[in-house]
Amino acid sequence: MRRLLLSATLVTLLTLLSGVWRFSRVSGAVDDKQQAGSHQKASAASTDDYVGSEVCETCHAEAVKKFADNPHWKLSLAHEGKGVTCEACHGAGKEHVESGGDVTKIFQFSKAAPKVVDQKCLACHGGAHPNFERSTHGEANVGCASCHSVHAFKSEEKLLKVSQPKLCYTCHTDIKPAFAQPFHHKVDEGLVSCSDCHNPHGTFKQKQLRSSVAGDAVCVKCHTETAGPFVYEHPPVKTEGCTSCHFPHGSPNARLLNRSNVNTLCLQCHSALNESFTAPGTPSFHNMANQYQACTVCHTQIHGSNSNAAFFH
Amino acid sequence: MTSAFSLLSGLSGLRSDISRTGLRAMAAIGLAVAVGTMARAQQAPPQAPPQAPAPASEEKVIGGYVTHQSLELGGHIVEQSGSGPMYNTLVNIHSGPRILSQSLTMRAKDPSGAKFFDNLSTSSFGYGGDPINVTVLNISKGRLYDFRGSFRRNRQYFDYNLLANPLIPPNSNPFVPALSSPHLFNTVRRVTDLNLTLAPLSRLSARFGYNHNINQGPSYSSVHVGTDALLLQNWRNSTDTWTAGVDWKPVPRTTFSYDQFITYYKGDTNWQLAGLNYLLSNGTPVSLGVNLSSVWGTPCSSPFNSNGTVNPNCNAYLAYQRYEPIRTLFPTEQFRFQTSSMSRLTMNGRLLYNDTTSNGKNFYELFNGFSSRSSMRQSITTGSSKAQRVNVNGDFGVTWQVTPKLSVSDVYDYWYYRQSGTNVFTETDYTGSSMLVPPGNPTSGTTTDYQILNQKTNANTITSAWDVTARARLSIGYRYRSRTITQLTDVVPIHENWGLFGAALRPTPQLRINLNFDGMYADNAFTRISPRQLQHYRVRATYQPRPWLSFSGSANIMESRNNVTNVNHLDHNRSFSFGTSIAPGEKWSLDMSYGYSDIYSTTLLCYASTPPPPTAGTAPPICVSAGTPYKSDGYYNQPTQYGSFGVVSSPLKRFHVNAGYRISAVNGATTFMNVRQVNGSLQSYFQSPYAGVAWDLEQQWTWKADYNFYGYGEGLPIGPTLPRNFHGNIITLAVRYAF
């Protein structure tokens, strides 16, 4: 109940703040209004306001010619072949043409706020990217045009401005070094891409992670032997996730482990100082200076086992 | 044991030989190709960069399709020195001819006249011997269908010899160190993805998909019965996933989707004894395992007779086999919807139900040898297992655009899985005291077991975003998440409260700054390293003062703690990074990056070690009474620096060069619990300078030469293993034909 009250208070507070802002600073959104107005005008345009791509081509010949390489050309097939191309996104062009090319009379993606551009794109692509507005990218105002370019793309499949992973590295400069470490997923080498594990348009998971078709961690799509279910689960694998023990991008440690020595990794949880936790402590005969120092020499099936509670086989 | 390890590790030696002989052969081939193509050199326009579709200078129409093709043939000349296994682990590129890349794009000149497809594009790279091969194929026909397929193959050679290494004391007599990792891998993974969408632009469209993922090949594993034997693990597991789904768009901006997934997993990995390096007095091959040390007295105090044969009363293996076929069926149904048809309201949801059943019906394990602890001469175990998991996942998200500047969104996530497993095994043990005598009397027993693991998660995140101006957005949110984990009779409830804050600023059109803060407090933790408090700060900025000049940087700091008594887990992961791209024209461009990350943690833990390492502390009584008398703070620090730069230049119209350098260096430290442990890769560098030239010989021909250096080095000491340092020189010569 307290949490509900807190949430309601938060919403009310922000609504009031927004109202105050709106009345106290009307001119603050001039740009927005112009863009939104343009958008609304486009939406409300009648069929007479559309001029057709042939007219656009008279001035924008290069853009129209290159459009044949673009998946959006399929829009021309919509509405029984009467669909439009340029004006499907830029809005009706009659005013723009009649004004002799006045750029304020047509919707310009490069000048519009990311949110307005996103609304344009999501009008058609919302079904494929339903989580985008609430995604990390959406909330951060990293809009569609930040990564995609309809007219100047380098990667044809997704109309990306730059191919993955370079595109992602543009902002995620902290992730690029991880893939240069000795042990890493082969992203720079082209075997896997960022979007194999992350959905840049958002998911219901944190870190925009995808999941396997069965709802498990995305890791098990390739590492199938870890999916289970096992009679004897190593519980943290299922409850805390793979990243309890592994760095997902890259690591100086073998098997992308997040500790260099396996025994340190294991003993972090399996210690006799374990009053409040269910993980068993280290047995006394597990002498770290003899054959028991490498835990996984015996506990080989550490992700789970069907036949041995100690993950021996 | 040495010869056992050499089974796979010898592969690298063989490859080194190939490399040496291939060096001359490839040089000859490369030279011949170069001379041959240079002879054809005439005026030619610049070609596209590597791996990009070939843009021909003129449209070439074949059968009504504008067609571009390219083929790049060549090969590698590799010289490698130092650790072959480590080179194969990190690089694994060897000499030989290759189909370096290929591409084909076809676009219908007149889509209405195209019968089967409007667009086709395919490309591939790496065939002929590289560890990574990829092929993609996309075909579409307007409103009829859209097909996307890919095939990816990756050979994984892994032999980081410190992993799972027993670190045999050098003063053992005899001293038989484990020179390769007992968990060496030489496997190949093949992943095929096929996706077909019918009527993609219609109100009702259908989707079909198939994914095949198989991972197989030889590897090593180990098993403990008396002592630890090295096993040859014939790795083979695969999944087949079939997908069928429909999308229904009853009104604009509203979609309902239903998907049915069927995943079938086949685990056919089997194990057999490796490392039969010694002989009994009767000539029978025997394995003493990977832990042969007179210092430890393993596998027994006197493993050898005076004549060098193995003591028949020692822990040892004469034979071991294990076969455990697993079949798992994952049927999954998923319903999704999305709508933005209502004014100022968008919402979407998902409901997923999965009922997985895993069967292991024919478990078989044979041990033949001697285990002194139980006086067991042979053991045969057969049985079966069954595990089930029901997974229910429901998500709902809604965004309400309260005013043009204010939006409120809420995401609710429900995830509940319950899984149970049972098994029944019959074990027949045969007594004995000597491996020279056949197994004695059998005793048989049947055991059953039952396990459960459930987790129920409820999470709700409410966020409000306020567009203060066109250039500033602030967001604030609150997340509550509860988890209840049930493991047999143990029930662990965890309640988390999160505060979320975000700011997206665009002070000028050229500058973008994003700040985020997530803070979490939990009243409980499932593991000792699960955080009870977490703070995550992120700052990202990009600045593009000119279209050809951009700077970007980020600071990403995550601090987490589980600082309860006797745990005191502290953890941070801090990274600071910077990148710039300068591309003033077609003549040249420059990319530079730098990153520093510091991963650190401490966790109180206690352990047993003889002799104890110098850093060992005295453990509290609870540890001493548990037989683990030494305490450690579990110190781990991994400061890593990364730097790279790359230059691309076209000094002449038909001559293109590129060069660069990448290095990742870590200078970490950790508390050792074993006097023979070393830092290994925790104090290492991995660098790879590179350079390449491309010469457009004529309109369709390009000659290319690339040089890559890979160097890996570790600090001292290396430990009781082989050194892991290596360097490799890779020259790649190629001819690209675009037509």
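Into which domains is chain A divided? Chain A comprises domain 1 (38-108), domain 2 (114-208) and domain 3 (218-305), with bounds from an automatic or database domain assignment. The model is predicted: local features need pLDDT of at least 70, side-chain atom pairs count only at pLDDT 80 or more, and totals for chains, interfaces and linings use all residues. Residues are numbered from 1 along each chain as its sequence is written, and chains are lettered from A and ligands numbered from 1 in the order in which they are written.

**Figure 1. Domains 2 and 3 of chain A.** The centres of domain 2 and domain 3 of chain A, taken over C-alpha atoms, are 32 Å apart. Nine residues of domain 2 of chain A are in contact with eight residues of domain 3 of chain A; contact requires C-beta atoms, placed from the backbone, within 7 Å. The side of domain 2 of chain A that touches domain 3 of chain A holds six nonpolar, three polar and no charged residues. In this classification, Ala, Val, Leu, Ile, Met, Phe, Trp, Tyr, Cys and Pro are nonpolar, Asp, Glu, Lys and Arg are charged, and the others, Gly among them, are polar.

**Figure 2. The interface of chains A and B.** Contacts link 163 residues of chain B with 107 residues of chain A. On the side of chain B that touches chain A, strand S17 (residues 376-403) of chain B gives the most, eleven residues. Strands (E, at least two residues) and helices (H or I, at least four) are DSSP runs, numbered from the N terminus. That side of chain B divides into 61 nonpolar, 79 polar and 23 charged residues.

**Figure 3. An open sheet in chain B.** Three strands of chain B, in the order S27-S29-S28, form an open sheet with antiparallel pairing; two strands pair if DSSP finds at least two bridges between them. Strands S27 (605-607) and S28 (617-618) of chain B are the edge strands, each pairing on one side only. Three bridges join S27(B) to strand S29 (residues 630-632) of chain B, and B:Leu605 stands opposite B:Ser632 in S29(B).

**Figure 4. The largest nonpolar core.** A nonpolar core is a set of buried Ala, Val, Leu, Ile, Met, Phe, Trp, Tyr and Cys residues joined through C-beta atoms within 7 Å, where buried means 20 or more other C-beta atoms within 10 Å of a residue's own. Among the 72 residues of this core, B:Leu231, B:Ala316, B:Cys606 and B:Tyr607 touch the most other members. Helix H14 (residues 262-267) of chain A contributes the largest share, four residues.

How values were computed: Two residues are in contact if their C-beta atoms, placed from the backbone, lie within 7 Å. A residue is buried if 20 or more other C-beta atoms lie within 10 Å of its own, exposed if 12 or fewer, and partly exposed in between; C-beta atoms are placed from the backbone.
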